[in-house]
Amino acid sequence: MAANGTSAKARPLSPHLQIWRWGPAMAVSILHRVTGNGLAVVGIATLLCWLGSLASGPESYALFQAQAGKWYGQVVLIGLSWSFFNHAASGIRHFLLDIGAGFELASNNRWSLLTPLLAIALTAAFWAAIYLR
Amino acid sequence: MGNGTSIGRVRGLGSAHSGSHHWMVQRFTAIGNLLLGGWLMASLVTMPNYSYVSMHDWLAHPFPATLLGLLLASALWHARLGMQVLIEDYVHTPANSFAAIAVLNLATFGAGAFGLVCAIRLALGA
């Protein structure tokens, strides 16, 4: 039976990164969090800069376009598109896990490895379509 | 008095003191983001060029303007929920966590208001 004042006791902590052996599911989970929060901060900021410059008129849009065309602008945009595809791919993986599928070791490892590869392929296809237009 | 039922003793002991509603809304907005984010990426790929005129004409149409407004709402709501989890996981002091979530809420509504004003201005011909 629970003792009195259990909530005041130190709660057990789970082991952290340096203790677990790295596996595909762990990597795809961390990538999901990193890309998601990257999109939340940098992605939404970029979306609002783009919209704000468009709504402010041709001069400010030209300023946005000039920055987006520079090497650092392209790095940010390519990074954001990769983050979108990666977060979408691992998000779809989460939907499948939510319905109880894909927890067997072999299929879990296979889909964990395939989601980032799919994201890289989609990012490459996206930019190929833009650059080769 | 006793200790209550088993579920009564554990209810509210998670890090956020609630969970299933947050979890469900995270999924609903994820579906929205898949559709609307997919629409944005497909639109950007199929646009003839990124000049001011073609961008402006595109977003001045009612259908793209509506989808853009929906994308802003869905993406910001999803981002707010996701960053809340990040704060709950890594900010351990209750006061700091409260402050961070307060800033997150203000930033979300600020970003949403700005984005919608831009979208409406483009849609109604700025």
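Q: How far do we trust chain B, given its mean pLDDT?

A: This is a predicted model, and chain B has a mean pLDDT of 91. In chain B, 90% of the residues reach 70 or more.

Q: And what are the ipTM and pTM scores?

A: The model scores 0.86 for ipTM and 0.86 for pTM.

Q: Okay, the fold. How many helices and strands does chain B have?

A: Chain B has 5 helices and 0 strands. Read from the N terminus, the order is α-α-α-α-α.

Q: What share of chain B counts as buried?

A: Of its 126 residues, 17% count as buried.

Q: And what part of the contacts in chain B with a separation of 6 or more comes from residues 24 or more positions apart?

A: Those pairs account for 71% of such contacts.

Q: Let's get to helix packing. At what angle do α2 and α4 of chain B cross?

A: Roughly 140°, with the axes coming within 8 Å. Helix α2(B) covers residues 20-46, and α4(B) covers residues 62-90.

Q: Switching to the interface: how many residues of chain A are in contact with chain B?

A: 19 residues of chain A, and they meet 26 residues of chain B. On the chain A side, α1, α2, α3 and α4 each give two or more residues.

Q: Which element gives the largest share of that side?

A: That's α1(A), with 9 residues.

Q: How does α1(A) pack on α4(B)?

A: Their axes are 9 Å apart at an angle of about 130°, which makes α1(A) oblique to α4(B). This crossing is left-handed.

Q: And who's touching whom there?

A: From α1(A) it's A:G36, A:N37, A:A40 and A:I44, and from α4(B) it's B:A75, B:L76, B:A79, B:G82, B:M83 and B:L86. They divide into 7 nonpolar, 3 polar and no charged.

Terms used:
Residues numbered from 1 in each chain as written. Chains lettered and ligands numbered in written order. Predicted model: local features only at pLDDT ≥ 70, side-chain atom pairs only at ≥ 80, totals over all residues. Helix = DSSP H or I, 4+ residues; strand = E, 2+ residues; numbered from the N terminus. Buried ≥ 20, exposed ≤ 12 C-beta atoms within 10 Å, placed from the backbone. Contact = placed C-beta atoms within 7 Å. Axes fitted to C-alpha atoms, helices over the stretch in contact; angles between N-to-C directions. pLDDT = per-residue confidence, 0-100. Parallel < 35°, antiparallel > 145°, perpendicular 65-115°, else oblique. Left-handed = near helix turned anticlockwise from the far one by under 90°. Nonpolar A, V, L, I, M, F, W, Y, C, P; charged D, E, K, R; others polar.
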